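Here is a briefing for a reader who is meeting this structure for the first time. Please look over the sequence and the model before reading the notes, which are grouped by topic.

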Amino acid sequence: MLKLPRQPKKAGSRILDAAASPTRMQILLLLNSKGNLSYSDIMGLLGLNPSRDAGKFAYHLRSVLRAGLIDADRDTRKYKLTDLGKLVVNFYQDVEEYSLRRTGKLLVRSSRLAIEEFNRGKIAQALIREAGAPTELAQRIAQEAERKLLNLQVKYLTAPLIREFVNAILIEKGLEEYRHRLTRIGLPVYDVGQLIKSPGMQASNSDSIHIRAGDSVMEEYVLINVLPREIADAHLSGSIHIANTGNWILKPDKVFHDIRFFLANGLRTSAVSGVGATLGPPKSLAGALFVLTNMVRAASNEISQDQGLDYFNIFLAPYAKGMTSEEIHKHVRTFMLGLNQPVSGERCAEVSIGIELEVPDHLANVSAVCPDRKMASPYRDFKLESILLAEAILDCMVEDDESKPMFNPQIILKVRRNIDGDDVVRGLAEKAHDLASKYGLPYFANMTEDWQRKATYLGDGGRLGDDWTGDWELDTMRVSPINNIAINLPRLAYECKGDDDRFLEALDERLEMAYRALELKYRAIEERMRQGFLPTLSTLSSGEPYLRIQNSLRTVSLTGLNEAVMAHTNNSIHESKDAMKFGLKVATHVASSAQKNSEKPAVRIAAAQVSDMDSVRTMAELDVERYGWSNARAQGPRADPYYTDLVATPFETEISWQRRVQIEGSFQRLALGGHLSVLQLHDGDVNPNVLTSASKEILEQGLGLYTFTRNVSFCSECRSVFSGLKRKCPGCGSSATLTHFVRLTAKYQPLRWWEDVDRELVSRRQSYDFEVK
Ligand SMILES: [Zn+2]
């Protein structure tokens, strides 16, 4: 017998030796699939006994360490796979796959990118656990799925593919109920790719892509699992539109704060969530503004849209006692610039600040929350400070500080008397109109009428009045407009062909669905508060949570009222008396239905005219598809149709501003859950005094909330703002440095976020110079 000379082992065989034990290979596979693990992690996952098997385990671990297949991290004391180890694992898996394939077995690529053998039992398990199917049925379906899958000529099965097969079998057998529960939610691979490549109109950074991907999963969950089928179908088919489905069961939409709560208590969110510092009751203006900045930031994670800080200059006035206007200005400016910074992902915390031109009657005798108890006196005693604060805020908005106009916070100027009333009111009103003539920024709330005196507003038009318990504090402070559902009014008109009664009957059906959906939302948010998921809103004071959840407002909005009237009467609202009459009939019907379906203590519903770009576009697109371009009365180009929301008369309609204001006024008093009239300024110079005169006329018409708006171009190079949508910067001639800002609906948006079609729409708007001819 020939004896081979003994040779030193080659590196390759030494390494294969090291891996050639089931335990050692298991260690490598574990580190491959689970990442870095500690000594005890690995023992645990291998199912070894720490005392009995310790010696054996240490031996195996040493072998793979010595062969350089794994490595120990000194700092974390965890083991990790080396590049060599990864090579061995890949080789092992290839061999495994090759041999399994030769035996004709089905292979599944599981989610951790490992390959495993097909296991029929897993299908049966999922059917029992997730869909609640009886065991015998589950096993029969699993067998059938296996038979079908075996006939496939695919290289790898994946878990989603298997699920699709099982779902198809369930549908074939008429077992739709089980299929429904077995639905897998998530985004198609293509959609995720698109989200990253062209994140669309509002995404501005990586976080926003993350948020959107999460939103769409939550949205699907809500549509499949939370809402009754007929309501989900109504939403998907465009009969109604549920705003913010991604946050439907997680957060309320908006909140109206009572800043006195945080002035008196400080910010104690961390006591609930364990995150962030606890801030005590502030002792100075700077301290008070610091508490509010942090409160707004914390709360922005617990709501999906806007936050209102009403009576801002009244409630902060005691904190400005004895300060010069320069000092006040400095602190206010820091506060406002802070609010203008993004908080998370894509947006600023959207904040509306209510400014009073004088101390309102209902606050005059209320004793003020003060930095020092010895100061305690009613709010009427801090009149001077409240005016200085209002001035500081308006001045900060108009300052040329080498930045673009301040679009957040939104300033809502509350007018309680004739703006010529006295020198102080006139001075503040002039400042505000000066700002309006430059950038169109502030909102004007008309508090002169009885139904308005104790109302509060947000910059998106959201409104609360003291019409629920009758106590303005309970009704308008620490209260959330919890969600809006838009009703597709034009579709009702297409379906009812001119018959008023049928129209209202069908409208009632849609409203009833909206109310049921809003009830589910309310219950979900109540539950989230109990769970402690909304720590700022649930902060306790005297045993009562901060948010008065039982007073939350649910709104239903009149989407496409103008187009519904056109389809029903053949005229636009402004074109004939009959059209106007029908429009008011519909709005009145929705308002009184909301009132009838409200039920104390907790079911508070109101009609609203608010804006939701998503809903107006989706509804119009689906209707054009369903009824044809010539039958549907959509606005905009055929490729990108939309309905009118927020206002009764479309921006493009050629009517005088006086007539526009008059029409809007009639509808606003029916939409008490929210409204806003937007008046477009022309691109030329606008005289602020002319705007002040226009305001006087508008206030007499009884409009609740309005704003002037103008299109502006901002050059980031010159750091200047120009009116109109400029193609090139008039300063430096560059076009790449220009951003256009327009108020597409309730708020300003940079146009680069949107398609060109929006630029086109904005330029077709009817604009006004407000000069008296
Ligand atoms: Zn420039």
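A salt bridge is a side-chain nitrogen of Lys or Arg within 4 Å of a carboxyl oxygen of Asp or Glu, and by this rule the count comes to 41 salt bridges. The model is a predicted one, in which local features need pLDDT of at least 70 and side-chain atom pairs count only at pLDDT 80 or more, while totals for chains, interfaces and linings use all residues. Residues are numbered from 1 along each chain as its sequence is written, and side-chain values use heavy atoms, with hydrogens and water left out.

**Overall picture**

- The C-alpha trace of the protein spans about 120 × 65 × 60 Å along its principal axes.
- The protein has 29 helices and 27 strands, where helices (H or I, at least four residues) and strands (E, at least two) are DSSP runs numbered from the N terminus.
- Of the 773 residues in the protein, 51% are buried, a word that stands for under 20% relative accessible area, whereas exposed stands for over 50% and partly exposed for values in between (1.4 Å probe, protein chains only).

**Salt bridges**

- Glu177 and Arg181 form a salt bridge whose closest N and O atoms are 2.5 Å apart; both residues lie in helix H9 (residues 176–182), 4 residues apart, which is about one turn of the helix, and Arg181 is partly exposed at 38% relative accessibility.
- Arg260 forms a salt bridge with Asp258, with 3.0 Å between the closest N and O atoms; Arg260 is buried, with a relative accessible area of 8%, and Asp258 is buried too, with a value of 6%.
- Arg453 and Asp450 meet through their side chains in a salt bridge of 3.1 Å, N to O, in which Arg453 is partly exposed at 37% relative accessibility and Asp450 is exposed at 66%.
- A network of salt bridges links Glu144, Lys148, Glu172 and Lys173.

**Surface patches**

- Patches are made of residues with over 30% relative accessible area and no salt bridge, with like charges joined within 9 Å and nonpolar side chains (Val, Leu, Ile, Met, Phe, Trp, Tyr) within 5 Å; accessible areas come from the Shrake-Rupley method with a 1.4 Å probe, and for residues only the protein chains shown count as cover.
- Leu16, Phe91 and Val95 form a nonpolar patch on the surface, with about 280 Å² of accessible area together; Leu16 belongs to helix H1 (residues 11–19) and is partly exposed, with a relative accessible area of 47%.

**Cysteines**

- A disulfide is a pair of cysteine sulfur atoms within 2.5 Å, and by this rule the count comes to 0 disulfides.
- Cys348 is in no disulfide, and the nearest cysteine sulfur, that of Cys396, is 16 Å away.

**Backbone features**

- Asn408 and Pro409 are joined by a cis peptide bond with omega of about 0°, and Pro409 lies in the loop between helix H19 (383–398) and strand E13 (410–415).
- Another cis peptide bond joins Lys600 and Pro601, with omega of about 10°, and Pro601 is found in the loop between helix H25 (577–597) and strand E21 (604–608).
- Arg77, although not a glycine, has a positive phi of about 55°; Arg77 is placed in the loop between strand E2 (70–73) and strand E3 (78–81) and is exposed at 68% relative accessibility.
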